[in-house]
Amino acid sequence: MMTVIQCENLEKKFRKKKALQNITFQIEGEKITGLIGRNGTGKTTLLRILAGMTKQTSGTVTILDKTPFNNLFVSANSILINDQMQFPGSFKLQDILNFAPDFYEKWDAELATRLLQYFRLSPQSYHSDLSKGMKNTFNFIFGLATRCTVTMFDEPINGMDEAVRKDVYRALLKDYLAYPRTIIISSHFLDEMEHLLEDILLLDEGKVALHKSLDELREHAIGLQGPADVVKKWATGFEILHEKQLAGNQLYTVLKAQDCTFNEKQLLQEGISFIPVSAGDLCLYLTNTRVGGIDDVFND
Amino acid sequence: MMFLTTKSFAETLQAQVKFKLHAYLSMVVYLIILQVAGMLLFLLLGSANMSSSSDLVEMEFYVFTPKPMLILSSLWAFYVGKLMTRHDQRADIMPFVTTRTLSSIADVVVLGLLAIFTGITVMLSIYVVRIIVMLKPNQNIISGENMVNAPGIFIENIMTFIVFILLMTAIGYFFGMLTQQSKLWIFFIVAVSVLMLCSAFGQQVLLVTIKLAKSVPLPLLGTPVIASSILFVLATLLANKLEVRG
């Protein structure tokens, strides 16, 4: 399988602040990867480096075996869609769509026009006049229709309402199945788009916290809920990823599943139930550095 | 199996020039407005006048030169050159296939084409003024070379205008790229300019530079063409370093 994206010891500094450090991962073949992380963990910076818009401070990065910064081949085969994307103010949406085939060989004009109609975007509108959600919808359509081998979406669904978001996910999946390619999506709505993803690349404080397939991620942790003292007894010796005190002296604990071999029957007898941990929650727990929860702020 | 696209530099440059020309059409509209304003100034003020009268005859002579239009067009050229380096303008091309070098070369081509358009329109606007003057009662054009009786001078004038406008775009473009690197360059350039003009040493340096430029065995337009080329090359090198945030 061809290595599409490869990063080794990637580092990016903005003045003295390290936005990315020691980033090493590779993405092979055609798949949809979710780039997940809290605000300010370097997702956008990483995508911008991959798209060749920003140069890394150190380390190596290759897209389709080429260094992306200032590279025409990478530019012709990749695109980064984000909500800061802009087009000339004098261009109507139709003008943008008309120019696209000059740049993108695989541009699907029919798909772009049909999606524009479906999402009720007037081709005569100006990009700068669109609302945030509509602008992002158009940007998404543009990115999808380019059919670039490496398509990157940075928070593509910001500002979209739920119905549009669902349609966008479906459009992405259908187009991906028809024309498989490497897609990276960064988003805060992991639960919503979990069904799309094959891989998760989790960033935490500028570092790769985890890079696993979604199936592996689901097996990464287990949740136990039951009487606090019993849960604590069972959790002893395991790595606790998250703990939450519930009403009625109940405790919910998420443990790293590695090496966890519980006797399920015995647990049930002692009043403990297994709670599946969603990928979204797990990512949240893995990147949570705060002590306690928001409730503790309001407790005396 | 992955199907990868290989775009040649030339075809991408062509697409970018087409794209950028379309994007800067509004700038051409501003140019036309400026040129109309220049023509009005031209008609109202002229460049110089003198009058002579005897008992029965009164004559007034107006000398018209295209200076107002040239000055306004030059300011426009400087502005457009600088505008192209602005962060938002550079970001406009980012959703499309590009590299910094390619985008910068496309900018230079577009500025060159705009300079040709501007040079020709400045020259032709003189003819518009002539027609208006001829339409006025009791006014006649006494002399003046035109494209029919002196095609050589006409072409020479157009070339001069084009080269001068091109130089202005190059200065604007280079200045813009410098200030994109750091705003401190603005203060530095202003400070150096003031020092050069106000100090005896600075004036001496300027005079020597002008003498040197004159002594270079080049055709009249060679020096501004070379100066423009150097500025464009330097600006392109600077553009290569710039990161475009998205």
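In the predicted model, A:Glu194 is located in the loop that joins helix 7 (190–193) to strand 8 (199–204) of chain A; helices (H or I, at least four residues) and strands (E, at least two) are DSSP runs numbered from the N terminus. A:Glu194 counts as buried because its relative accessibility is 13% (buried: under 20% relative accessible area, 1.4 Å probe, protein chains only). Neighbours within four places in sequence aside, A:Glu194 is in contact with A:Leu214, A:Arg218, A:Ser278, A:Ala279 and A:Gly280 (contact: heavy atoms within 4.5 Å).

A:Thr41 occupies the loop between strand 3 (32–37) and helix 1 (43–50) of chain A and, at 4% relative accessibility, is likewise classed as buried. A polar atom of the A:Thr41 side chain lies 2.7 Å from the backbone oxygen of A:Arg38. With neighbours within four places in sequence left aside, the contacts of A:Thr41 include A:Ala19, A:Leu203 and A:Asp204.

In chain B, the axes of helix 1 (residues 9–23) and helix 5 (residues 100–135) come within 9 Å and cross at roughly 55°; axes are lines fitted to C-alpha atoms over the stretch in contact, with angles from 0 to 180 degrees between N-to-C directions. Among the residues that meet are B:Phe9 and B:Leu13 of helix 1 and B:Leu102 and B:Ile105 of helix 5.

Residues are numbered from 1 along each chain as its sequence is written, and chains are lettered from A and ligands numbered from 1 in the order in which they are written. Local features need pLDDT of at least 70, side-chain atom pairs count only at pLDDT 80 or more, and totals for chains, interfaces and linings use all residues, while side-chain values use heavy atoms, with hydrogens and water left out.

Definitions and conventions:
Buried < 20%, exposed > 50% of the residue type's maximum accessible area, 1.4 Å probe, protein only. Polar contact = N/O pair within 3.5 Å; in protein donor to acceptor, adjacent residues only side chain to side chain.
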